[in-house]
Amino acid sequence: MPDQADLADAQRDRDLIARAAAGDRAAFGALVARHRGAIHRLATILTRDAAAAEDVLQDTFVAALRGAAGFRGDGSVASWLFAIARHAAHRHGRRADQVPVAPESLDALGAAAGWGQPDVETVVAAAEERAALERALAELPVDERAVLVLRDVEGLSGHDTAAALELTLPAMKSRLHRARLRLAATLRRQGGDHVPRS
Amino acid sequence: MSLDRELAGLTCRQVLDRLGDYLDGDLAPAARAAVETHLRGCDACARLGGAVGAVVGGLRQRLGGDAPADVAARLSERLAREAGEA
């Protein structure tokens, strides 16, 4: 359930987009300042390319500026911006990202993440390090990177995450659970790969 | 060790399946209590739950922040051009 601060943030975004749609450039500037970090982060993680990420960031807010009057308000402004950014990133996407990932059982993902293994604590240690998280995220399939960024990094609600990804809530939850397990598995494997040298 | 092991009315496989909803607080009270009872008695599930919880916490705490200043400045310039052309 969203807390009061989340609700106040969402209402402030709605006020800003309404004023921006009426031509208030300062309101649009305030909206940009509130969301540019998150949009840039999503774009960076989805494209894995600094120049492409900057293009996506700019294209997203240009589209938002042009389309402010068309914001329907049936989701949050944040999820609307993320959806625009995701489509922009898709246009910049590499062909390799379009390759579907082979399905993997939850059992196999759980085992890879360290279920019943003595080294599962390496995941806990790696999750404390920004560089390790970024390295592991970059290895995940693009759809799993997106759901992790929206739900876990940016803290969107389940409904807003599903809306931004154009998924049903159960489908989003399933993807999120698998993505978390795959990220844990990647951190565990990379922990083994990065044994400190003396 | 097998995911078929049952404790508190749940197998380890069922706990693994519900771990995401458990971490997000999306389970009904009775289902949550069952998972917690299982976790108290099952080291493998508890440690995996701790690891996945640490991943979620790490993502929330370590990857935030604003866009770099030069990126933000170029974005402002582009938007000023767009607004001027509108």
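How many disulfides does a search of the whole structure find over all chains? The search finds 0. Keep in mind as we walk through that this is a predicted model.

Let's look at some cysteines in chain B. Cys12(B) has its closest cysteine sulfur in Cys45(B), at 3.7 Å, and that is too far for a bond. To count as a disulfide, the two sulfur atoms would have to lie within 2.5 Å. Cys42(B) is in no disulfide either, and the nearest cysteine sulfur to Cys42(B), again that of Cys45(B), is 3.7 Å away. Where do these residues sit, buried or exposed? Cys12(B) is buried, with a relative accessible area of 0%, and Cys42(B) is buried too, with a value of 2%.

Now turn to chain A, and find two of its helices. Helix H1(A) covers residues 4-21 and helix H4(A) covers residues 77-92.

Finally, step back to view chain A by its domains. The domain assignment gives domain 1 as residues 4-91 and domain 2 as residues 106-190. Taken over C-alpha atoms, the centres of domain 1 and domain 2 of chain A are separated by 24 Å. The two domains of chain A are in contact, with 13 residues taking part from domain 1 and 17 residues from domain 2.

Note on methods:
Residues numbered from 1 in each chain as written. Chains lettered and ligands numbered in written order. Predicted model: local features only at pLDDT ≥ 70, side-chain atom pairs only at ≥ 80, totals over all residues. Heavy atoms only, no water. Buried < 20%, exposed > 50% of the residue type's maximum accessible area, 1.4 Å probe, protein only. Axes fitted to C-alpha atoms, helices over the stretch in contact; angles between N-to-C directions. Helix = DSSP H or I, 4+ residues; strand = E, 2+ residues; numbered from the N terminus. Domains from an automatic or database assignment. Contact = heavy atoms within 4.5 Å.
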